[in-house]
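Open the structure in your viewer and keep the selection tool ready. The stops below say what to select next and what is there.

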Amino acid sequence: MAPLAVSAFTAACAAGIGVDELAAALSAQRSGLRRLPDLQPAPDWAGPGAPVLTWVGEVATLADMPLPASLATWDCRPTRLAWQTLQRDGFIDAVATARTRWGAARVGLVLGTSASTIGDSEAAYRNLDADGGFPASHRNPRLNTPHALAAFVQAALALQGPAVTVSTACSSSAKAFASAQRWLHAGVVDAVVVAGVEALSASLLHGFRSLSLLSDTPCQPFDAQRRGISIGEAAAFALLQREEDEAVKGVNGSLQLLGYGEANDAHHMSAPHPQGLGAEAALDAALARAGIDGAEVDFVNLHGTASAANDAVEAALVARRYASTVHACATKGLTGHTMGAAGLLEAVICLLALQGRGRAGTAHTEAADPAFGPLFAQQLRLSPAAGMARLAASHSFGFGGNNCVLLFGTGVGTGTRGT
Amino acid sequence: MKTQRLYIDGIALWSPALPGWAIARQALRSEPAAADPPVPRPNPALLAANERRRAPDAVLVALEVAAAAVAMAGQDAATLPSIFTSAHGDLGIVDALCCTLATNPQWLSPTRFHHSVHNAASGYWAMATGCRAASSAVSGFEASFAVGLLEAATQARTDGTPVLLVGFDTAARGALASVNRSRGLLGVALVLAPQRSAASVFSLDWACAAGTASLPPLTSAAAKALAANAMADALPLFEALAGAEDTPLTLPLGPAGILRLRTIPLPA
């Protein structure tokens, strides 16, 4: 495929609000995870019942940051998270420039989220009316539906092109890049805002608890001692445009989306394929679109959830397909597993590495599980490193066996790779 | 944008009153038909009996129409990329999930949780057919069929491959029914191909544009009876596909966009 220019990006999560804070946290290996029972005041998103003993990546400032009056009908935790993130890194200005250049109708939106605004419906069920229906304050059909976040972002950015919500669990916002490339290739739009937004909710907390996947310690991806995942919340955005357009060349150090691959495991709803067939098919498709070989990739942000099954399958894939010198890292010990937002948040971590703003490590992990072998132990980097990545891959694997791999590079002088 | 052409190789629709395309096609043409009692749930042969019992309605109806459209197109389900679109996912599951979380969150069952993901139908389809091709699950509120069609059309165009498009929505249950207006159960599916083949029954011209539109009025009583389902924005196209006319249609594509369509029947 023809590479796409990444003209602007921003992100917020427990490790940092805006990319400067995020880059600083990655370089210092400063984790945003906190012990849930210690959070004061007790978070309302967690719902009733005894506190669950786990660690979470909560963005602590949301309670005090309501939306502006003009957007107040959309007010809930995930829209606040999206709004706060949009204010960072000049993102709104970059979108305004694209809107002016192409026209608002030629700027599209693809937003990935897993649970969207479910937390608002959860709150309504805790406060039902005497008639058994939603309380008046929550009777907003546009807010209690998966597309609510995309509709909010579309309104907040004054976009008039097509808007779609992609909701494939933990691969959602990685797949947003795939849809955006197809829209640009087919000429539907001239610029696309890709987004990933996921807020903490009782569904996520108790859903993963019911699967016995929550760790009672901060998650330790790929460690022999790993005890499960730590959930987190995040919003992240990027602006994509065609690379051949002169106006977008040269901005942002010529960051490019080089390829993407999507594939299904066809195996199980909540467990990965034991040989990682779907994940490897997604990697193959991404490499084929980019016209590069796996051995050329020098930075990988792993899915690395710290669940027993995911990490075993992914470690084998990394050892099989990447060079021994690759810098592979799993950042969910810093941010928490931000579900539908993880694909875009971790794409941003790749973009920071490509800009020379630090290559992240694998927080909380003492050593790679010896069961994964010596090659993987060499590939997995526990400590952050300075220096610039040249070709970066990001892995996102979700429930329903839904896999997506993204490839990013800095396109200085490379022209069009692949076909 | 410039108008682009695709071909429709497979068509399916399922609702309790219209359990299959042969019956639905007649009813959407307003032709008189024998009034059979409604079928409460679809019974997709792809799933084992125990899976059928446990699967949510949304998964059942999606697999039913997906299998029917792929069979009509003569395609191999195991290699076909797919787009599953739904405004709300399975609302019975959302209601049960929220009820449990509000009262006894420790009782939430893992099966209910993984059934609550929007890509549950996509995941079950991949497992039932052994298909590892790309599969997505999307949503667009009142324009969910239109955004799903946009996703499938751009994928068929970009990758030069046939794509399965499945749309479904369920009835709001419990407290959710006070805020969510979706009623009834409806599934629709198309196989869209970039090249004409012996299986092609219609050409489909499509283009996105700026502007606003309301959903074209439905003509058949059968389609009007399904208008309260959240996948109802599929119905004008399926009425056109039930007929044999050259039909232009404009569907709303969110608050500020439209999807222009034109279906032309192809000689057998």
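Two strands pair if DSSP finds at least two bridges between them; strands (E, at least two residues) and helices (H or I, at least four) are DSSP runs numbered from the N terminus. This is a predicted model, in which local features need pLDDT of at least 70, side-chain atom pairs count only at pLDDT 80 or more, and totals for chains, interfaces and linings use all residues. Residues are numbered from 1 along each chain as its sequence is written, and chains are lettered from A in the order in which they are written.

Start with strand S6 (163-166) of chain A and strand S4 (residues 135-139) of chain B. They pair in the antiparallel sense over 2 bridges. Select Thr165(A): opposite stands Ser139(B).

Now show both chains. Here 60 residues of chain A are in contact (C-beta atoms, placed from the backbone, within 7 Å) with 58 residues of chain B. Among the elements giving two or more residues to chain A's side are helices H4 (118-126) and H8 (277-290).

Next, select Gly57(A), in the loop between strand S4 (55-56) and helix H2 (77-86) of chain A. Is Gly57(A) buried or exposed? Gly57(A) is buried, because 26 other C-beta atoms lie within 10 Å; the cut-off for buried is 20 or more, while 12 or fewer is exposed and anything in between is partly exposed. Ala14(A) is 43 residues away along the chain, yet its C-alpha atom is 5.0 Å from that of Gly57(A).

Finish at Leu406(A). Leaving aside neighbours within four places in sequence, its contacts include Phe177(A), Leu257(A) and Tyr260(A).

Notes: Two residues are in contact if their C-beta atoms, placed from the backbone, lie within 7 Å.
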